[in-house]
Amino acid sequence: MRFHTRKWIKPQDLNPNGTLFGGRLLEWIDEEAALYSIIQLENSRTVTKFISEIDFKSSAREGDIIEIGMDVVKFGTASITLRCEVRNKMTREVIITIDRIVMVSLDENGKAKPHGKTKIEYVKDRLKD
């Protein structure tokens, strides 16, 4: 699992219980999945199709730093399926896991567009070509 993004939990991210609001965390996860998929599929018209069961294992409090990790489960014809884990950066305690996030590459008409990808590519490797 590669952890790409870190977030610092601020007062505006908290629920009435004083812990990280789940909706805020899901917003960050969806954005991270979109960014990761857009870069992998090289298509800015990539959207969220499906998010599987979300398993909250612990929470975060104001001042905590969390990190969001994404890993590719599989490449479909027009999709990419990711797995996500969010953990506390300092304690390494897992906050949430999501087994499947399916992102779909679209064409200019909003229809699924085959992307031709079969493996993870890194930008540094693309620049060598």
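Asp13 is buried, with a relative accessible area of 4%, where buried denotes under 20% relative accessible area, exposed over 50% and partly exposed the range in between, as computed with a 1.4 Å probe on protein chains only. The model is a predicted one, in which local features need pLDDT of at least 70 and side-chain atom pairs count only at pLDDT 80 or more, whereas totals for chains, interfaces and linings use all residues. Residues are numbered from 1 along each chain as its sequence is written, and side-chain values use heavy atoms, with hydrogens and water left out.

The side chain of Asp13 meets that of Arg24 in a salt bridge at 3.5 Å, N to O, a salt bridge being a side-chain nitrogen of Lys or Arg within 4 Å of a carboxyl oxygen of Asp or Glu. This pair links distant parts of the chain, 11 residues apart, with Arg24 in helix 1 (residues 22-41) and Asp13 in the loop between strand 1 and helix 1; helices (H or I, at least four residues) and strands (E, at least two) are DSSP runs, numbered from the N terminus. Arg24 counts as partly exposed, at 26% relative accessibility.

By the same rule, the count comes to 9 salt bridges. In one of them, the side chains of Glu67 and Arg6 meet at 3.8 Å, N to O; Glu67 lies in strand 4 (residues 65-75) and Arg6 in strand 1 (residues 2-8), so the pair ties together parts that are 61 residues apart in sequence. Glu67 is buried, with a relative accessible area of 3%, whereas Arg6 is exposed, at 55%. Glu67 also forms a salt bridge with Lys89 (3.6 Å, N to O), and here the linked parts are strand 4 and the loop between strand 5 (79-88) and strand 6 (94-105), 22 residues apart. Through shared partners, salt bridges join Arg6, Glu67, Arg87, Lys89 and Arg92 into one network.

Strand 6 is largely enclosed by the rest of the structure, because 9 of its 12 residues are buried. Strand 5 and strand 6 pair in the antiparallel sense over 8 bridges, pairing being assigned if DSSP finds at least two bridges between two strands, and Cys84 has Ile98 in strand 6 as its bridge partner. These two strands form a hairpin with 5 residues between them, and Arg92 in the turn has a positive phi of about 65 degrees. Strand 2 (residues 46-51) runs antiparallel to strand 6 and is joined to it by 5 bridges, with Phe50 opposite Val102 in strand 6. Strand 3 (residues 54-56) also pairs with strand 6 in the antiparallel sense, over 3 bridges, and Phe56 stands opposite Ile96 in strand 6.
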